[in-house]
Amino acid sequence: MHEKKINMKDVIKNVGKVIYRGLKRAFIVMKPSLVAIGLGLLIGLMIMIIFDAGDAFPALGTLLIGGFNGGLRGIGNTLYQAAPIILTGLAVAFAFRTGLFNIGASGQMMMGAYVAIHIGVRYSLPGTLHWIVAFLAGMLAGAIWGLIPGLLKALSNVNEVVSSIMMNYIAGNLLIILIMRYVFNSSYSRSLNILRTAELPLLTSVFPGSTANIGIFIAIIVVVIAHIILHKTTLGFGLRASGFSMPGSKYAGMNTKANIITAMTLSGSFAGMAGAIAFLVVGKNIGTAFEIFPQGFDGISVALLGLGEPIGALFAGLFLANIRMGAFYMQRYSFVPQIIDMIIAVIVYVTAISSALQIVFKRYREQIKSWSKRIFKKKEGQ
Amino acid sequence: MAYKVEMRHITKIFGTLYANDDVTLQVKQGEIHALLGENGAGKSTLMSVLFGLYHPEQGDILIDGQPVVIKNPNDANRLGIGMVHQHFKLVDTFTVLDNIILGVEDTKNGIIQYDQAIKKLEHLIQTYKLHVDLKAYIKDITVGQQQRVEILKMLYRDADILIFDEPTAVLTPQEIHELMNIMRGFAKEGKTILLITHKLNEIKAVADICTVLRRGKKIGTVSVKDTSIETLAEMMVGREVSFSVDKPEINQGETIFKVEHLNVSGQGRHSVKDVSFEVHRGEILGIAGIDGNGQTELIHALTGLKPILSGQVSLMGSDITHLPIRKKYEIGMSHIPEDRQKHGVVMDFDLQSNLILQNYYQPQFQKHSFLKFDIIQDHANELINRFDIRSERGAKTIVRQMSGGNQQKAILGREISRNHELLIAVQPTRGLDVGAIEYIHSQLIAERNQQKAVLLISLELEEIMNLSDRILVMYEGEIVGELDPKKTTVNELGLYMSGAKRGDVHA
Amino acid sequence: MDILYLLIQNAYPTMTVLLIVALGGLLTERSGVTNIALEGIMIFGAFLGVWAIHGLEIYPFTVMTIIVMILVSLVWVISIALLIHFGLSKLGLKEFSLKRLNFKNPENKGYIAINIIFVIIFTGLIVLSFFVFGIPKQLILIMGIMIGGMVGALYAMIHAYASIHMKADQVISATALNLFAPAFAIFTARFIQRGQQIPFSSSFMIQKVPLLGDIPVIGDLFFSRVFISFYIALALLVILWIIVYKSKFGLRLRACGENPHAADSLGINIYKLRFKAVVLSGLFAGMGGVIFVISTSTEFNVTVAGFGFLAIAVLIFGNWRPRGILMAAIFFGFTKTLASSYTALPVLYDLGFQREYYELIPYIATLIILAFFSKNSQAPKALGQIYDQGKR
């Protein structure tokens with residue numbers, strides 16, 4: 001029998017080629033986001049220089065290093081912060097792909113957080129079961145909160161932006177009512193601590209001193225599942241068709257009403273998971289002053305930076321959490337952490353005009369090319 | 001004598017496409033000058049340059065012998081150039097009056113003053129017999145009246161160079177006749193008319209001179225009187241064109257599609273009132289009618305895009321009246337939609353996905369909900385070969401980047417290759433060049449020859465006459481006549497289409 | 001009965017803010033541009049407007065405050081100058097025709113120069129009088145509102161430029177503005193004064209309008225315990241109605257929103273028109289932001305409680321019409337006030353529901369009403385679509 005010799009060199013070369021090609025394609029796809037991030041950071045740097053030139057560069061450095069500034073503890077906290085916004089980003093991105101704007105991710109997250117806490121405080125279940133049930137309940141709560149705007153849109157053509165905004169405010173007030181009724185910690189005006197058993201397994205062994213938990217792993221798994229659903233299944237096919245062309249998908253026989261409802265419900269469930277992950281930590285409580293969680297709006301930035309793709313939301317979420325952590329550490333430089341929100345705003349803005357910008361850049365590149373040609377021609381002439 | 005309008009060496013480029021390639025056009029005053037060419041030949045583009053909507057990369061324009069620069073429609077208006085567009089540019093929610101004065105409003109301190117405008121318009125209406133109610137809303141008036149509004153827009157701005165872009169597409173034969181009289185009247189008064197069209201017999205009827213464009217280039221300018229239709233057609237297409245369609249006599253089978261007393265809601269004449277007809281195997285049933293007489297609503301109701309108020313629809317013996325769209329496809333209906341970009345495809349999907357748009361959920365294309373991409377691609381490649389669908393990257397091309405003709409071939413291929421017994425084709429050759437039109441016509445005949453039932457809705461009377469075995473005419477939502485294409489004439493059809501004649505219908 | 005009057009009077013601030021901001025939203029959406037950046041623009045306008053008010057209340061005046069005074073006085077003087085010219089030319093005195101102020105005509109140089117000198121003199125006089133006589137309270141408020149409006153208009157230009165000229169997704173660029181405004185406010189405030197709150201003197205509320213406030217019933221309803229912004233809002237409502245439905249600008253605006261291709265083919269510059277509409281909406285939103293802060297609290301604290309989004313709901317609820325917007329604003333005004341004032345009504349107080357239940361009412365009611373009325377939506381047809389001249 002002839003035995004085919006496996007030439008290791010060839011294998012490595014092929015693997016290398018695939019990776020290289022993949023990276024190259026990823027780079028081309030990600031270019032708009034990278035340009036946006038670059039410009040955002042540049043403008044942030046300029047603002048910092050205006051206000052305090054000396055500290056500007058070291059501060060920018062701290063910003064970019066982000067969570068790593070605080071060593072393992074910083075990294076751990078970064079991962080803890082990242083997981084919820086990865087999931088809200090996924091929620092917004094998923095809805096985007098179906099042609100809907102889910103501005104209600106905050107409300108869905110809030111309902112998920114409350115229900116998770118509720119189960120974590122008021123029920124006693126054996127160890128692992130407790131947090132799993134609490135987590136799933138939170139996911140379900142978010143799903144319901146997303147279902148309602150979805151139904152309103154599908155059945156009554158109610159603009160989902162307006163209905164989602166209403167749902168955010170309803171959630172905000174409902175939370176106060178429910179907390180004060182069922183899980184009230186009156187001495188501190190907030191929700192009670194959850195039982196130990198309801199807590200998501202922590203990763204303090206790997207990241208001592210931080211609140212890192214397995215939430216980040218859950219987020220990664222969910223992102224992958226979402227990606228598979230969207231791109232590999234019949235359900236995803238239908239959702240994307242509806243997102244690109246509602247009339248076209250209707251003509252093709254797809255049940256567009258069902259698609260809208262499904263998309264918003266799934267989207268809500270992702271955001272609900274975000275709430276559960278963020279608050280199934282002993283010592284994390286929701287206050288009774290009215291608020292709408294900001295993570296929902298971060299989700300919009302994450303979805304945009306991630307170019308509307310689940311995998312994109314993963315990386316964008318990690319990036320955002322990292323520079324947020326960087327902003328926290330940057331405080332030792334007398335810069336207010338809000339600088340990072342301004343940078344993010346600029347990044348989002350640049351992403352919005354990215355296609356037009358690319359045209360502008362192309363024109364500049366061609367100008368520069370023709371200039372340099374003229375210069376070189378002159379040199380040769382001499 | 002100087003020309004009234006002279007466009008010299010006009011070149012207009014869109015991306016890499018030369019829409020106009022060094023085209024020179026010379027028009028005398030008082031002339032009715034036709035611009036002939038297929039879809040995409042560049043006629044509309046050239047006129048848009050004249051009207052200031054596009055700026056040419058090269059070339060210049062002279063009016064009355066003087067070189068001019070036309071940067072926008074305002075400049076064109078000032079030079080006396082007016083344009084009636086193919087797709088009307090009217091605001092539906094405004095009145096006729098507001099649509100006409102938009103852009104040239106008389107104002108006092110910013111507030112619009114209507115008196116002068118009304119006076120002038122009433123004079124114009126009387127003079128040119130363009131009767132229309134100034135206070136009516138555009139969405140409530142007929143298409144013929146809307147066109148009159150577009151003409152009044154030009155006259156209100158004192159245009160004496162009038163451009164008409166495919167004006168007859170939406171008119172009955174009688175209205176076309178009236179329009180031609182109006183155009184001759186304009187010409188007698190010394191106005192200059194530019195007529196964009198691809199309809200040879202209309203050129204013959206009303207034009208003095210004809211310039212032929214093909215693929216962006218000017219082929220020639222001829223006197224209409226001295227040139228035959230065949231020659232014009234050959235100039236337009238570049239080869240000999242056969243005007244007859246090969247349609248053998250075949251035996252028709254049983255009725256497989258039955259519509260009984262159908263009522264569909266719609267605005268006024270758009271609704272469908274008590275419509276009944278049958279389609280047999282091996283038959284092409286054509287429905288003729290002016291756009292906006294209920295055909296769109298009829299098809300939307302039959303295919304499931306619109307709800308049915310009352311009546312019954314059955315296919316292959318089963319009642320499909322209220323079935324969901326997917327079920328209708330499964331029972332054996334195929335549908336080439338009127339608006340191919342809106343309904344027929346998902347423009348931002350790739351070709352292979354579009355080719356399985358209706359049956360992606362079926363077991364051959366998925367397993368446990370996971371799509372089988374290699375089979376999907378094979379299926380696409382098979383259709384690409386069979387139906388000559390051309391695209392840059394084959395099955396993976398994004399449909400938005402394909403030409404209109406190839407998009408339509410893709411839709412046609414998908415609808416024909418799927419299991420079906422009835423094919424509903426609405427405006428299947430709209431906007432396509434002659435080659436594609438011939439191909440699609442031959443495919444429709446082939447369907448009929450293979451004992452499928454074909455329901456054809458079209459605004460092109462020639463297409464209806466050539467392809468149909470039987471013709472029904474629709475007017476204001478009702479079937480008002482049933483005619484035999486071998487025995488009837490375009491004029492007779494026109495009478496039915498405009499409601500002037502009604503007949504017995506035992507469809 | 002007094003309680004009823006009290007409730008109505010308490011509802012006015014909310015109603016006023018929503019009305020003004022929604023009217024601004026009407027302008028952009030009718031031109032075809034969505035603008036969910038109203039929240040961010042309100043915050044931006046509120047920040048600088050309240051800061052201006054804060055500055056105007058403190059002696060001695062700082063440099064920033066003096067700049068504010070000059071800016072505002074310039075606007076007043078120039079407006080009055082234009083009005084005088086307009087009025088006099090209408091009365092037949094052709095020397096004062098507005099055409100003489102046309103910059104492009106070189107003959108007018110002398111006349112324009114004289115006018116500029118007068119403008120400078122009067123502006124200076126006004127600013128001087130502020131120093132000598134101080135500033136009446138309501139005038140401070142008006143100046144603050146003007147600053148808020150101007151700043152809002154400038155901020156909105158960023159959104160306008162992106163979504164109109166750079167063809168960006170309107171929702172995304174609007175989100176960027178919403179994110180930037182509060183961050184900028186906190187950042188700047190903390191840097192300059194160590195804290196993010198900007199306080200101002202207690203109340204601009206007019207307890208009773210002289211004479212008119214004494215009329216029975218009507219006096220209590222419309223002329224007691226009101227803010228001047230209430231009257232501003234009503235005036236704007238009437239002005240806007242005239243502009244949108246009777247003026248050339250309004251006709252063209254609506255055409256852009258319904259069928260931009262038609263408007264373009266008639267020579268109307270879509271880009272310029274939409275840009276103006278968005279900038280105007282920024283003006284209104286900026287004013288609304290200042291009005292929100294001064295009529296609902298005693299300091300600026302980087303929030304407008306979601307009124308920018310509620311204004312959009314009011315706009316959609318009002319079916320994109322001025323009359324509908326007024327109705328919707330009134331509805332919201334009342335239901336929102338119920339939450340803060342229910343304790344004054346013994347009937348409701350006895351029910352024992354906590355405040356948050358009442359807070360829920362406007363939002364739930366909106367959902368229900370939208371569910372029933374959205375089928376007949378009369379949104380402008382081209383709303384939200386990017387206008388590209390290449391597409392025919």
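**Entry 1: helix H9 of chain B**

I started with helix H9 (residues 295-303) of chain B, where nine of the nine residues are buried, so H9(B) is largely enclosed by the rest of the structure. I counted a residue as buried if 20 or more other C-beta atoms lie within 10 Å of its own, as exposed if 12 or fewer do, and as partly exposed in between, with C-beta atoms placed from the backbone. Helices here are DSSP runs of H or I with at least four residues, strands are runs of E with at least two, and both are numbered from the N terminus. The buried residues of H9(B) include Glu297(B), Leu298(B), Ile299(B) and His300(B). After H9(B) comes Gly304(B), with a positive phi near 105 degrees.

**Entry 2: what the model is**

I noted that this is a predicted model, in which local features need pLDDT of at least 70 and side-chain atom pairs count only at pLDDT 80 or more, while totals for chains, interfaces and linings use all residues. Residues are numbered from 1 along each chain as its sequence is written, and chains are lettered from A and ligands numbered from 1 in the order in which they are written.

**Entry 3: chain A**

I found 13 helices and two strands in chain A. The C-alpha trace of chain A spans about 85 × 65 × 60 Å along its principal axes. Of the 382 residues in chain A, 54% are buried. Among contacts in chain A between residues at least 6 apart in sequence, 79% join residues at least 24 apart.

**Entry 4: H6 against H11 in chain A**

I looked at helix H6 (residues 215-232) and helix H11 (residues 310-329) of chain A, which pack at about 155 degrees with their axes 8 Å apart. Axes are lines fitted to C-alpha atoms, for helices over the stretch in contact, and angles run from 0 to 180 degrees between N-to-C directions. H6(A) and H11(A) are therefore roughly antiparallel, a label for angles over 145 degrees. H6(A) contributes Ile220(A), Val223(A), Ala226(A), His227(A) and Leu230(A), and H11(A) contributes Pro310(A), Ile311(A), Ala313(A) and Leu314(A). Nonpolar means Ala, Val, Leu, Ile, Met, Phe, Trp, Tyr, Cys and Pro; charged means Asp, Glu, Lys and Arg; the others, Gly among them, are polar.

**Entry 5: the largest nonpolar core**

I then checked the largest nonpolar core, which has 385 residues; Leu87(A), Leu280(A), Leu18(C) and Val314(C) touch the most other members. Such a core is a set of buried Ala, Val, Leu, Ile, Met, Phe, Trp, Tyr and Cys residues joined through C-beta atoms within 7 Å. Helix H11 (residues 270-296) of chain C gives the most to this core, 16 residues. Leaving aside neighbours within four places in sequence, Leu87(A) is in contact with residues including Ala219(A), Val222(A) and Phe270(A).

**Entry 6: contacts with chain C**

I found 33 residues of chain A in contact with 38 residues of chain C. The chain A side has 24 nonpolar, eight polar and one charged residues. For chain B, 19 residues are in contact with 16 residues of chain C. H2(B) gives the most to the chain B side, with three residues. That side divides into seven nonpolar, eight polar and four charged residues.

Key: Two residues are in contact if their C-beta atoms, placed from the backbone, lie within 7 Å. Angles under 35 degrees count as roughly parallel, over 145 as roughly antiparallel, 65 to 115 as roughly perpendicular and the rest as oblique.
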